[in-house]
Structures are given as C-alpha cells and as structure tokens.
Amino acid sequence: MAGNPLTASRRDPQNGNERKGMNRLKRISAFCIGVLTFLLLSAGVFAAGLGGYRVQLNELEQQVYDNLVENLANRTASFRCAFDPPLNFGSEQSAQSALQSATFRAYEAVYRDHPEFFWVDKDGGISVRPEISAGGGSYQIASITMTTKFHEEASIPQKQKELEARVSAILEKATGSDYEKLKTIHDAIVNGCAYSLEAKASPARYPDAYEAYGALVDGSAVCEGYAKAFKLLCDRLDIPCVLVGGNAGGENHMWNYVRLDGAYYLVDATFDDPVGGSPTSDYFLKGSDSTSSHRPGGGFLQGFDAQFIDPSLSQKDYASGTAGNASRSSESAQAAKKSCEVRYSASGGGSYEVAFGSSVGPIDNGQILEGGTVISVWALPQDGFELEEIRVEMGDTVISESARSEIYFKLTDDCRIRVSFRRV
C-alpha cells in the first residue's frame, strides 16, 4: 500500500554579493518516501555534549538514527529497520505526518552528529519504504527499508586512511589545556586549508569540499567542510562541539559552537581564513555580544524544520585568564539556581504530553525545575479534531504553535502551557 511521495529538497543559496570566507549552507537533498508511516512522537531532550543531537530524538527516532549510523559506518547503502512490536496507527494522514517528522529528524541528527561520514551522497537523497498492512481502519508497520547513495565507493577505504592519518597528525600536537587543544586544531584548519570558490560555484563537481576530508586532506573546502573538520577533531578530543547552520552576512553559512569551561562559544574557521587574506583568530571562541553577524536558524532540510535546539552561547568572548573563567562559572551557577514552576492544561479532543524526553519521562503538573531545562510539548488530536494551538507563557515570552504537533523550548521562568484542540 503506497501513499504520495514526500520530498525534502536541498536549500537554495541566497542571492547576493559574495563575501570573502563565506559560503552558503550545503543543501541536503530529497528523501523519496514511497509509503508513509506513523511513528509515535514523544518529547526529546537537549544535551549539549558528546551525546549530540541524538538525545533530542524520541525512542523510535533514535532507533532509526542508530540504524543509520550502524549501516553508514559499515558503508551499507540499503538496509532494513524493523519495529518490534509493529507500529499501529489509525489514519493515513497521521502516518504521513509522523513518518516525515521521524525520518527527517533522525537523518538530520545523523548529519549533524557524524562528520566522519564523508562518503554519503546527500545530493542522491535517501529513500524510505515501509512494510505496511492495513485493515479494519488501522495501519500496521513492521519495518522500513532505507536506501542511500555513496560517493565513489571504491575510493572510500583509501580516503578513510588518508583522513585518519591527517587527524592523527593534528591531534598529536593538540596537547595541554582544552583551550590550547582547541587553538591547535583551529590553527591547523585555517593554516592548512584554502577556501574553494570553485566548489562554492559548482557543488556537484567538488563534493569533498563540503566534508571534513576536503578541509583536512585536500586542503580545499567551503564553510561546511571547515565546520565539519573542526567538529570531527573536537569529537576525537572529547570536547563537546556542534554544527550550526544559519545566516551570516546575508548568506547561508555553517560554523561551530564548542563548550569550554562550562560555557559555549562560537568558532568560525571559515571566517578566520578569508579569501585573499591571512588566517586570523577573529572568530575563535566568541560570545553572543560579538557575533551579531551570525544568526542561527531553521533546519538543514528544505521545507522541514527539525526544531533541534542549539546550545546557548556565552554572552562574552572566552577569556583565557583564570579570573575571567571564574566570573563566567559564577554567572552560570547563579543561572542554574533559578527554580521554575511548570503547569499545564488542555481542552478536550486529543492527547498530549509535557516531558523531558523518552529517556527521562514526563513532567508532573506543578513540578519545580531548574532554569535552562529543555521541555517538549507533544499533542495528538483524536479523530474529528485538529490541533488549534500549543501555547507557552513564560515571563515576558509567549510561544504559540499551531502548525506542528511538537515543540521544544528552554525553561527560563515559571511557565504555563495550554494545549487546545478544535473540531473539524
């Protein structure tokens, strides 16, 4: 039984004058989904550490994620993900919405967390075909088969050896404090790589320039390659680091957030390696006060926002002196001490959940939580109803969502959550 195909096309680059050291965010190409499945949604939880974005996925999304990671690491292009017990759903519409959400979120999380998979052909997309049976007004899904494409499969083992050799050579010199390690890998990238205007103009001809391999082995990359190289090296050093996509200077761009001494800072190796100029450290360990040009936002897929939560940046730039670090630690500790009450209610017409995530469980009505806790609200209308609004009131902040059935937000004050359904 098949439904209408869904696609998530690559982002188009924005028009405008070129700026040195900048490139549009690599666009991720379509998923081609033949039959649609409903994967039950539950809340995700953000852990801005080595767990990456996987921890923001619900249990079934994590299962898809883990299958992707295992098979991509083994360079298996087509593989089956089984659900035991099978999944049961009530309508094709709910199946369509949930399969798109679950599969796209899992794929994007893998993309963000695993820069080592340089061989995946993102332009080739990934197809997802469920094993589905229907009867008595219900839908049952036993498994999905996922198929993707790789770049130049015969050359992958040799390229892996070359990348590993380059990574090992850089990490041998990355000694001392975490600050010194980060400075070493940052300088190795900006001194060993040149920004590729050719790859910017013709992505299909230069796929390696969009990967860590291009930045570290070929010495030629665009912003995506710079950012992935920095994350790959941080991952090997066990220093929490994420890829961040958004807009910088009027164009799509990619950079990093890295955690040091308990706070997150921006690192943009691309901007520190300007075309026609000398490498700098102007965008190394910067706080939000000095990076207004960088505006993170949206997902990496065209027409789909996975609603992942990026770490919050330190307001100030990193200060390598002890006094500066102590001041920041004190500020962070003070913020963490803030206690916030969470209360919620809903109209009739559907089910909902307010939770930390599948690994922690639901939040009790009236529970007191620490400021900074990430909360997810999930809503599912029953037959004959639709979602009217998920509304969060938190101090001076109001969040209102009616188009999506799940939202994430960071707790900053006492909050009131209201989920409303209406008849259709």
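**Exercise 1.** Decide whether F271 is buried or exposed.

Solution. Buried means under 20% relative accessible area, exposed over 50%, partly exposed in between (1.4 Å probe, protein chains only). F271 has 8% relative accessibility, so F271 counts as buried. Y283 is at 18% and therefore also counts as buried. A note on the basis: this is a predicted model, where local features need pLDDT of at least 70 and side-chain atom pairs count only at pLDDT 80 or more, while totals for chains, interfaces and linings use all residues. Residues are numbered from 1 along each chain as its sequence is written, and side-chain values use heavy atoms, with hydrogens and water left out.

**Exercise 2.** Find how many aromatic pairs there are, and classify Y265 with Y318.

Solution. Rings of Phe, Tyr and Trp (its six-membered ring) pair if their centres lie within 6.5 Å; planes under 30 degrees apart count as stacked, over 60 as edge-to-face and the rest as tilted. That rule gives nine aromatic pairs. For Y265 and Y318, the ring centres are 5.4 Å apart and the planes stand at 85°, so the pair is edge-to-face. Y265 and Y318 are both buried.

**Exercise 3.** Classify the pair F271 and Y283.

Solution. The ring centres of F271 and Y283 are 5.1 Å apart, with planes at 85°, so this pair is edge-to-face.

**Exercise 4.** Which charged residue lies over the face of Y53?

Solution. A charge sits over a ring if NZ of Lys or CZ of Arg is within 6 Å of the ring centre and within 35 degrees of the ring normal. R112 lies over the face of Y53, 4.7 Å from the ring centre.
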